[in-house]
Amino acid sequence: MEKVIYDKKNGLWYELQGDYYLPCLKLPEGEQQPVGLWGQRHLRYIKQNRKVFYLNLLTSGKLNGYLSGLDKQAEDMFSRLAKQMAEREGVTEKLKADDQMEWVDRLNNIRSRAKEVINNELIFS
(Lines give C-alpha, C1' and ligand atoms only; values in the text may rest on other atoms or scores of the structure.)
Protein backbone atom coordinates (compact mmCIF):
# COMPACT_ATOMS: atom_id res chain seq x y z
CA MET A 1 0.00 0.00 0.00
CA GLU A 2 1.34 3.45 -0.95
CA LYS A 3 2.20 5.85 1.86
CA VAL A 4 1.78 8.99 -0.29
CA ILE A 5 -0.65 9.47 -3.19
CA TYR A 6 -1.50 12.35 -5.53
CA ASP A 7 -5.09 13.23 -6.42
CA LYS A 8 -5.27 14.72 -9.92
CA LYS A 9 -8.81 16.09 -9.36
CA ASN A 10 -7.87 18.58 -6.65
CA GLY A 11 -4.08 18.68 -7.00
CA LEU A 12 -3.35 17.61 -3.42
CA TRP A 13 -0.94 15.05 -2.03
CA TYR A 14 -2.23 12.67 0.65
CA GLU A 15 -0.18 10.77 3.21
CA LEU A 16 -1.27 7.58 4.98
CA GLN A 17 -1.66 8.18 8.72
CA GLY A 18 -2.85 4.99 10.41
CA ASP A 19 -5.91 3.89 8.40
CA TYR A 20 -6.62 7.30 6.82
CA TYR A 21 -5.11 9.40 4.05
CA LEU A 22 -4.70 13.00 5.24
CA PRO A 23 -3.89 15.91 2.93
CA CYS A 24 -0.32 17.22 3.05
CA LEU A 25 -0.97 20.91 3.61
CA LYS A 26 1.62 23.64 3.94
CA LEU A 27 1.13 27.32 4.62
CA PRO A 28 2.32 29.63 1.88
CA GLU A 29 5.70 31.21 2.44
CA GLY A 30 5.49 34.91 3.18
CA GLU A 31 7.91 37.67 3.99
CA GLN A 32 8.37 37.87 7.74
CA GLN A 33 8.19 41.38 9.16
CA PRO A 34 8.65 42.34 12.81
CA VAL A 35 5.45 42.69 14.83
CA GLY A 36 5.56 44.98 17.85
CA LEU A 37 3.47 45.34 20.99
CA TRP A 38 0.34 46.67 19.27
CA GLY A 39 0.36 43.90 16.68
CA GLN A 40 0.82 41.23 19.34
CA ARG A 41 -2.13 42.60 21.33
CA HIS A 42 -4.30 42.55 18.24
CA LEU A 43 -3.16 39.01 17.42
CA ARG A 44 -4.27 37.83 20.86
CA TYR A 45 -7.61 39.59 20.38
CA ILE A 46 -8.37 38.09 16.94
CA LYS A 47 -7.26 34.61 18.05
CA GLN A 48 -9.77 34.71 20.90
CA ASN A 49 -12.63 36.76 19.45
CA ARG A 50 -12.47 36.64 15.65
CA LYS A 51 -11.32 33.10 14.93
CA VAL A 52 -12.54 32.88 11.32
CA PHE A 53 -10.84 36.17 10.42
CA TYR A 54 -7.63 34.96 12.12
CA LEU A 55 -7.69 31.60 10.30
CA ASN A 56 -8.35 33.27 6.93
CA LEU A 57 -5.33 35.54 7.41
CA LEU A 58 -3.19 32.66 8.65
CA THR A 59 -4.02 30.24 5.84
CA SER A 60 -3.65 32.89 3.14
CA GLY A 61 -0.19 33.83 4.44
CA LYS A 62 -1.23 37.44 5.07
CA LEU A 63 -1.26 37.39 8.89
CA ASN A 64 2.27 38.71 9.43
CA GLY A 65 1.89 41.55 6.92
CA TYR A 66 -1.49 42.51 8.38
CA LEU A 67 -0.16 42.58 11.96
CA SER A 68 2.98 44.46 10.95
CA GLY A 69 0.93 47.10 9.13
CA LEU A 70 -1.48 47.48 12.04
CA ASP A 71 1.43 47.79 14.46
CA LYS A 72 3.00 50.59 12.42
CA GLN A 73 -0.35 52.36 12.08
CA ALA A 74 -0.96 52.14 15.85
CA GLU A 75 2.55 53.38 16.67
CA ASP A 76 2.16 56.37 14.33
CA MET A 77 -1.27 57.13 15.78
CA PHE A 78 0.09 56.91 19.34
CA SER A 79 2.92 59.35 18.60
CA ARG A 80 0.61 61.79 16.85
CA LEU A 81 -2.07 61.67 19.57
CA ALA A 82 0.40 62.07 22.42
CA LYS A 83 2.06 65.03 20.71
CA GLN A 84 -1.28 66.74 19.95
CA MET A 85 -2.61 66.21 23.47
CA ALA A 86 0.61 67.52 25.02
CA GLU A 87 0.49 70.67 22.88
CA ARG A 88 -3.18 71.28 23.65
CA GLU A 89 -2.68 70.82 27.41
CA GLY A 90 0.49 72.89 27.68
CA VAL A 91 2.88 70.06 28.58
CA THR A 92 6.07 71.74 27.37
CA GLU A 93 9.79 71.77 28.02
CA LYS A 94 9.23 74.85 30.20
CA LEU A 95 6.91 72.84 32.46
CA LYS A 96 9.53 70.09 32.54
CA ALA A 97 12.18 72.57 33.68
CA ASP A 98 9.89 74.21 36.26
CA ASP A 99 8.15 71.18 37.78
CA GLN A 100 9.40 67.77 36.67
CA MET A 101 6.95 65.73 38.75
CA GLU A 102 3.96 67.62 37.34
CA TRP A 103 5.35 67.16 33.83
CA VAL A 104 5.78 63.38 34.36
CA ASP A 105 2.28 63.04 35.83
CA ARG A 106 0.64 64.91 32.98
CA LEU A 107 2.66 63.10 30.31
CA ASN A 108 1.79 59.69 31.81
CA ASN A 109 -1.87 60.70 31.83
CA ILE A 110 -1.64 61.71 28.17
CA ARG A 111 0.05 58.44 27.24
CA SER A 112 -2.63 56.43 29.06
CA ARG A 113 -5.42 58.24 27.23
CA ALA A 114 -3.68 57.78 23.88
CA LYS A 115 -3.28 54.05 24.58
CA GLU A 116 -6.98 53.81 25.43
CA VAL A 117 -7.95 55.49 22.17
CA ILE A 118 -5.73 53.16 20.12
CA ASN A 119 -7.01 50.09 21.94
CA ASN A 120 -10.62 51.10 21.22
CA GLU A 121 -10.07 52.23 17.63
CA LEU A 122 -7.55 49.70 16.28
CA ILE A 123 -6.61 46.87 18.59
CA PHE A 124 -9.92 45.61 20.00
CA SER A 125 -12.21 46.27 17.06
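# Briefing: strands, helices and salt bridges

R113 counts as partly exposed, at 32% relative accessibility (buried is under 20% relative accessible area, exposed is over 50%, and partly exposed lies in between, with a 1.4 Å probe and protein chains only). This is a predicted model, where local features need pLDDT of at least 70 and side-chain atom pairs count only at pLDDT 80 or more, while totals for chains, interfaces and linings use all residues. Residues are numbered from 1 along each chain as its sequence is written, and side-chain values use heavy atoms, with hydrogens and water left out.

**Salt bridges**

- The count comes to four salt bridges (a side-chain nitrogen of Lys or Arg within 4 Å of a carboxyl oxygen of Asp or Glu).
- One of them pairs the side chains of R113 and E89, at 2.8 Å from N to O. This pair ties together distant parts of the chain, 24 residues apart: R113 sits in helix α5 (residues 100–123), and E89 is in the loop between α3 (63–88) and α4 (93–98). Helices here are DSSP runs of H or I with at least four residues, strands are runs of E with at least two, and both are numbered from the N terminus.
- E89 is partly exposed too, with 30% relative accessibility.
- Another joins the side chains of D98 and K94, at 2.9 Å from N to O. These two are four residues apart in helix α4, so about one helical turn separates D98 from K94, and both residues are exposed.
- R106 and E102 make a salt bridge as well, with their closest N and O atoms 4.0 Å apart. Both belong to helix α5 and sit four residues apart, about one turn of the helix.
- In that pair, R106 is partly exposed with a relative accessible area of 26%, and E102 is partly exposed at 31%.
- As background, an α-helix has 3.6 residues a turn, so residues three or four places apart point the same way.

**Helix α3**

- The 26 residues of α3 should span 38 Å at 1.5 Å a residue, and its end C-alpha atoms are 37 Å apart, which agrees (the expected span is 1.5 Å times one less than the number of residues).
- Just after α3, G90 takes a positive phi of about 75°.
- S68 is a residue of α3, and S68 is buried at 12% relative accessible area.
- Not counting residues up to four places away in sequence, S68 touches Q33, P34 and V35 (contact means heavy atoms within 4.5 Å).
- A82 also has its place in helix α3, and A82 is buried with a relative accessible area of 16%.
- With neighbours within four places in sequence left aside, A82 is in contact with I110 and A114.
- A82 and R113 are 31 residues apart along the chain, while their C-alpha atoms are separated by 8.5 Å.

**Helix α5**

- α5 has 24 residues and reaches 32 Å from its first C-alpha to its last, close to the 34 Å expected at 1.5 Å a residue.
- Its buried residues are W103, I110, A114, I118, N119, L122 and I123.
- What covers these buried residues includes α1 (37–49), α3 and α4.

**Strands and hairpins**

- β1 and β2 pair in the antiparallel sense over four bridges (two strands pair if DSSP finds at least two bridges between them). I5 has Y14 as its bridge partner in β2.
- The hairpin of β1 and β2 has four residues between the strands, and G11 takes a positive phi near 75° there.
- β2 (residues 12–17) and β3 (residues 20–23) run antiparallel, joined by four bridges. Here Y14 has P23 as its bridge partner in β3.
- The hairpin of β2 and β3 has two residues between the strands, and in it G18 takes a positive phi near 70°.

**Nonpolar surface patch**

- V4, Y6 and W13 form a nonpolar patch on the surface, with about 310 Å² of accessible area together.
- Patches are made of residues with over 30% relative accessible area and no salt bridge, where like charges are joined within 9 Å and nonpolar side chains (Val, Leu, Ile, Met, Phe, Trp, Tyr) within 5 Å. Accessible areas come from the Shrake-Rupley method with a 1.4 Å probe, and for residues only the protein chains shown count as cover.
- V4 lies in strand β1 (residues 4–7) and is partly exposed, at 38% relative accessible area.
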